Amino acid sequence: MAAKLNVSESSESDSPNLSNLSACSRTGSRSLRVAEKERRKNGAEEPFVLALKYFSNVEAGTPVIGNDEFERNMVLVEQVAYFKGLSPEAISVMLEFAMSSRMGTNPCVRVLKCLIPTTMVPQEAVVRGVAWLGVGKIPISSQVLFIKWVLTIFDMIDAKDQLRAIYGFIFSFVTEESLCPFICHLLYLLTRKESVRVFRVRKLLDLQSKLGRQPFLSHLLSLYKVLCPELVTLSIPSRMRSGFRNHNSPWKSALIAVQKSNGSQTDSSTSLPLTIKEKTSLRKRKHKHLELPVLSSQVNKQPQTEPFTSRKVVPLAQLHSLSQLLENMHCIELPAQMGSLLGSSLALQYLDCVQDESALLRLNFWLGYALNEEFFFCGDGGGSQTSEEALQFLDKLLSSQQFLQEGFSSTEAFLYKFLSVWDGSLFRPQILSLLSNIPVVPNSQIGQLLFEPLMQLFFTSSLFFRCGLMECLNNMLLKWLTWHSVYALEDDLDISLNSHTSINMTLSGFKDSVMELIHFAGRLGSVGLQLEGCHSLLLSFILDFYETVCDTFLKYGLPLVVMPPPGVFYPALFAPDPVSVDRLVNIMYRYKVNLTSAKSKEKVTEQAFHISRQTFREFNHYIVVMVNCLWNSKMFQPDMGIQLGEELLLKSNIPEYWASFDLVHHPAFLSYAVDFHQRVSADHLDGHDLCLAEICMKDPAFCNPQYLICAPLNETFCKACAHFQRHLIYQHAASLYSSVNRLTGETNVVLMYLSWKMH
Amino acid sequence: MEQLSNSLARTPLNSVVVKRRSKTKSFRQSYRSCLGLTPALTARRLSKSRKAPKSHYITEKVNPEHLALLLKSEWKLSYVTPLYQFRHTQLKSYSRQLSAFIAAEKQQGFAVEVDGSQSNFRVSFSVVQGMTETEDDAETVLIQIHSKPLFAKQSEAQRSVWSGWLTCVNGNSDYLCSLPKDFICLPLFGSSGSEVLTTLVQSWFQKMFDCCFGPLEMNNTCLQWLAALWTNCHPESSIQHLKMIWTLPVVPPLQITYTVNPKDAWKLWSSVRKDPCEENKEEEGVSIDIEDVMRFMQGLKSHFYRHFRLDLSAGCLKQVSTALGSATFSGRVKISNSQYILSTLTLLTECALFKMPV
């Protein structure tokens, strides 16, 4: 043993020298001081190797007191240990020396205290150390110290398989009263499912009855319960401290210091995984249905045909990181209560991966139960006191659904019921978000389940609800289309997922549902715009929706193009804000791109899909209207969608009414015109500006203060007035003054007007 | 053992047909859609018409001890979502687990060995054979908890401190068949005994079988059905009285106890019934329509109105009781006559299934 160690040491002591040298030569330009330090360190290496040699070879029974050689070597090892930590080999040598008590028990404590590893600790050394415990030469205090040391450096042990192999041996120390807490902790770290045995459970329960309710026993037993709930059961009160007491070990600070100076970030977190969840609120609730169940392993196992060759399973509750999840992917056991998954993203990841029908159904039962109890059956619960919990619950549900990018079927069933009793304001954002997650509803049911209740709510609610609903419908459509494009692809690849819970939906069925949804949103949009007086906020949400609709073919591969209804098209076209008009034009452009590509594809592949002639006709009609209106200044042509009587138009006293909505006169672009005016000097007013001023004067549509927002505008008006005045078109000037005055009541205009009158 | 195999056969068969997706363009509805999963939205309603209770010779089918237990006490009802991986063959192990669980919960922080016999509580699970009506119904399970009083003498025997059962009688077969085979649907849970134990048993079931318990209160329709069903039995076994308790939403709240002479009740009932001698009487038994029930209740209400000028329609029916049984709005039921136990449980099963979330 010693010889072998020596060999390994010498090779070890050589290599760092070499590497250090090379490091030195490479970094020749570094400061001299550093180089000096390096050299000194290298010089120190030699005696250190000799010291280790001394400790590995020292005869048993060598006295300690008055032994200068021991003292010298010990100091040397301590210096190295506290300065840069001990290498794995050094740890092995020193631990062996300490535990074997070759020089009595005195040096043992001293050595243990300086066992600070640089990188890692060889497992063999720890196993040998544990083996020495059995010899019984070491005093209990040193034994405790040793176990504490193992606990501290536990994460740095290079492998744990041999330690696990001597689980039974370690377990036997549990009866040692002062060792027991630490042994329990060590066992806690080592326990695997296969180490939980009936006789061990009995032993621990026996101890429990002797020692009483000790946290270390409870924690070990609770782990046993997690792993083998069929053997032991335990209920941990919520007051109990979680985890083992974090032993204030003497090594911790030294270890951190060494690691810091080495720059290595070996994560030696001595904190323990917490098995017992601290209850977030101890406040008692009358109804507990919104509490997520604790993630715990299954008690009720499938009866195995071969109980002893049963495959290894890892309960989900034992996994704490994604990498652990990936390692154990093949042998994960679902928790006892699926509801607990909702709280853990790790578990959701697994759920998404396995797609176990029963598991999903369990989750849905729980979820549906909780939602029903909260929103339907608990009339007496008192909404206000539970709303905080309900809000948190819904948020959690939402984040889970967003994580899975899919809604749960129980949420869906709940929503269909809830929509008929909803007032449209309770948890509005949450309910609308949940609603946007529902999967495609078959055409035959969509009206009754979705549209009727939503229509009622839409008509009786505020503007914000209307906007929210439009956003929700847009998200719903996006989800459906995305779902379609994903599964349409998948169909080509013919990946057969477990599809036995689904009803098959034909492409035409899907198209019908989507079309229904788009038509429904169109109806809501048209009526909503009327009710809200073409509110620009609502219009913006509606245009969001049509931005999705116009790209169904190119973006999502769905051969369906649905044009917006006139009730949406015209308000957007005549909208007073440039953004809406711009977005409408862009939407029409996307429609055109989609339609042309659909048509060309139809020609090439001669596929069955077919976009109806009616759609093309509608599109062409809208385009004609748009071009006539914006470009050709030909409003109110007889073949356009909107018609006004000739005499009515004349009566309105608007000159050139057919041009009122062209690019120059369109109210949406007024601000651009104003902007233009600000840039050109007042002296360069031309016909265009006059024209603008004239519109402002004549058109009652502009009598809305929101178009005359700012002082610069008044300035423009003033300039225009001045212009008229200079050209002695008094009549125009007078009416302009009065109209501006009427509209804004700006003082400078009034003053100008008065001065002009006097003149 | 024969009993066990029998109950296994009773476990509803998996009727979910595994369809493979065809190669042609077919669109799978998202697998999490509720519309394909269970007939959740349309199929489960309280039925509009049901067969009149026949006096079953239930005493021949069901163990008389069990029957006596079911009739003895008043039960607090709950609905239960389907139990995951519940097996009628594992009842012994469940007994051990539950008793250990109760012991552990009683002494918080103290671990308890599952196989240990030290427990103060002895739990027994048993199957009540013969309560099922259709192939899809799972066998009824009876749970009893025995314990010694805290200051009992050494010699004193343990006595029953809590009992409960899970049942499914005439469950909607569409619903039952739609569940995967891992699930056993026993939607109706009755318990009698201390609330603490009820909560413990429920939480054990929740942890063990991933199910949820919710209170099953009985709405007006359900209570009216019960009143009519019981009255309908009068010729065969006397109901002795028909007592109903109503509450009226006035200030201060008014509670009305309305007791009807059995003969009068029967007379009213036979007068509102449609002609009972229909053709299919022989093979199918007499069926009762919801309209009959409504007419019956209307008759009772208008009689009351004539005398007291109080319209009971404005109130809420809180309790119905006859000699055959009693039921309250809060979900407490007592069934006193074994002959009509199945028809009552059928109605209650329906109510419980009605509450299922999915």
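1. Accessible areas here come from the Shrake-Rupley method with a 1.4 Å probe. On that basis, chain A exposes about 36200 Å², and carbon and sulfur atoms supply 56% of this area. Please keep in mind as you read on that the model is a predicted one.

2. Now for the overall make-up of the chain. Chain A has 759 residues, and buried residues make up 50% of them. Its secondary structure comes to 33 helices and four strands. Among the contacts in chain A with a separation of 6 or more, 74% are between residues 24 or more positions apart.

3. One helix to look at in your viewer is H25 of chain A, which spans residues 566-573. Six of its eight residues are buried, so this helix is mostly covered. The buried residues are A:Val568, A:Phe569, A:Tyr570, A:Pro571, A:Ala572 and A:Leu573.

4. A:Cys228 is in no disulfide either, as its nearest cysteine sulfur, that of A:Cys331, is 15 Å away.

5. Are these two cysteines, A:Cys184 and A:Cys228, buried or exposed? A:Cys184 is buried, with a relative accessible area of 0%. A:Cys228 has 5% relative accessibility and therefore counts as buried too, the cut-off being under 20%.

Note on methods
Residues numbered from 1 in each chain as written. Chains lettered and ligands numbered in written order. Predicted model: local features only at pLDDT ≥ 70, side-chain atom pairs only at ≥ 80, totals over all residues. Heavy atoms only, no water. Buried < 20%, exposed > 50% of the residue type's maximum accessible area, 1.4 Å probe, protein only. Disulfide = S-S within 2.5 Å. Helix = DSSP H or I, 4+ residues; strand = E, 2+ residues; numbered from the N terminus. Contact = heavy atoms within 4.5 Å.
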